[in-house]
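Here are some exercises to work through with the model open beside you. Try each task before you read its solution.

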Amino acid sequence: MTASSLLPNFIAGRWQTGTGAGTPMFDPVLGTELARASSAGIDLAEGFAFAREQGGAALRALSYGQRAALLTQITEVLQANRDAYYEIATANSGTVAKDSGVDIDGAIFTLGYYAKQGAALGDAKLLLDGQRIRMAKDPAFQTQHIQVPTRGVALFINAFNFPSWGLWEKAAPALLSGVPVIIKPATATAWLTQRMVKDVVDAGILPVGALSVICGSSAGLMDQLQAFDVVSFTGSAETGKIIRSHRAVTELSVRCNIEADSLNSALLSPAATADSEAFKLLVAEVAREMTVKSGQKCTAIRRVFVPRALYKAAAEAIGARLAKTTVGNPRNETVRMGALVSQEQKTSVLAGLAQLKTEATVLFDGSAAGLVDADASSACVAPVLLGTESPMSAKVLHAVEVFGPVSTLMPYDSIDEAYAMIRRGEGSLVCSVYSEDPAFTAQASVELASSHGRVHAISPDVAALHSGHGNVMPMSLHGGPGRAGGGEELGGLRALNFYHRRTAVQGSSLALDVLAAQGSQLAL
Ligand code: NAP
């Protein structure tokens, strides 16, 4: 990729370069321009029709097992080109290698997981949903729910923070389902997504039309959607609102999944003490979550709830951990945390921080340590731990998501007060609970379940095993109610639901026998 050239789009089965100057992508640390994105002049109607008709038909002609084998081949191509992806991530996302791995290796792991799950579905062409149910006295007439792939395209509109994982965590279940994918990455970090699609296309793995990429403006994409298409959006609540209110969704009932922002919490048990394991586990996880990918994870811990007696101890312990986080140029091996993805994000994080500071004080500010190998003008922002001793009267702290290395510590006086404050996030992706008492953990999980897509419950016995508060694993659900968008992704084979239509077939047991022979039981 030579600097400043336009990234070609792959649509309608061919590479097409948009017109005009395009929108530039930058190295957030060095400020250099890397590439440009433009979708201007692309015939979107042709591209969507091509994917729907050619890509869809070719994918549906395969069994789940055959499509799973394609996912395996994709993982092999991505593995082979891994080094190039890490270089792109360093340059375009400003991430240290470990953080690039969350995006790149997280994608490969997720694809591998769905390849295995899909292989188990074998040569089936449809899914059997539940068991047959008698509808008459005579068992000859029964109903069987089946699921078949929708005959449309899956449009993905993605956020800037996961250009790799964000594509493949959606594409793996879609392609396994037999539904062609059109991905529109966020412009700021589109390069990695485009490069991965290019490698997979060049390898000739997928039927033509099964995977398309459009970089640049989102203008006109939603207008292309038809009744059996689906759209999966990840990004801000504001853009989510635009997607949800588009005619395709409101009038054509295009199925729509929204993953939006979230004020995720961490909760320390009321029984914890400053020298307890639960306390140490919370401290370590909060510091980790604040700094992994510079806090640019939709699942990152934004609010930390501890018993009031532990407020000061928690502030000190988290601050001490954060003090070890060197911030700066990800190419320097001593650097633990790189940059935010862009100058726009830096502006937005600093503005959000100022807003939070109207209700909170600074308990730790990493900026005093200075940046390593990076100018103050870069998009690097050091971690900041805020705190308030009156969280019940706070408003902004429970409402504003600062998408960076920022978290707010809040004391609670009773566990019911803690639950009430956590729920003031109005629906979040994940809450983690730190306790040594299984009974409390179970009780907290039930209390928090209705307002969260995931409860990450940590105790000393799983300290060395757990997958992390913010890591989204393919076997567990990702998404959250309310403000988090109301969406659901992953969760093992549950993810296939979004790309299938469920139909009740009512008929003779003889016909249902034939169906059963073509299908695989959807075991969740
Ligand atoms: P964003 O500004 O809403 O952009 C998201 C995507 O929407 C981008 O691809 C963007 O394209 C596109 N877009 C912008 N305007 C559009 C429109 N009018 N119609 C259709 N598409 C449009 O969000 P972001 O700043 O990239 O992402 C940060 C947010 O995403 C945070 O709030 C974070 O919490 C959330 N997030 C959530 C999850 C989750 O799984 N729940 C995961 C990651 C991030 P351009 O880039 O070209 O503008």
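**Exercise 1. Describe the overall fold.**

Start with the contacts (heavy atoms within 4.5 Å): in the protein, among those between residues at least 6 apart in sequence, 77% join residues at least 24 apart. Before going on, note that this is a predicted model, where local features need pLDDT of at least 70, side-chain atom pairs count only at pLDDT 80 or more, and totals for chains, interfaces and linings use all residues. Residues are numbered from 1 along each chain as its sequence is written, and side-chain values use heavy atoms, leaving out hydrogens and water.

Next, take burial: 58% of the 524 residues are buried (under 20% relative accessible area, with a 1.4 Å probe and protein chains only). Finally, the C-alpha trace spans about 70 × 65 × 40 Å along its principal axes.

**Exercise 2. Work out how H2 and H4 pack.**

First, locate the pair: helix H2 covers residues 64-80 and helix H4 residues 97-119 (helices are DSSP runs of H or I, at least four residues, numbered from the N terminus).

Second, read the geometry: their axes lie 8 Å apart at an angle of about 155 degrees (lines fitted to C-alpha atoms over the stretch in contact; angles run from 0 to 180 degrees between N-to-C directions). H2 and H4 are therefore roughly antiparallel (over 145 degrees).

Third, find the residues that touch: among them are Ala68, Leu71 and Leu78 of H2, and Ile108, Leu111 and Ala115 of H4.

Conventions
Helices (H or I, at least four residues) and strands (E, at least two) are DSSP runs, numbered from the N terminus. Angles under 35 degrees count as roughly parallel, over 145 as roughly antiparallel, 65 to 115 as roughly perpendicular and the rest as oblique. Buried means under 20% relative accessible area, exposed over 50%, partly exposed in between (1.4 Å probe, protein chains only).
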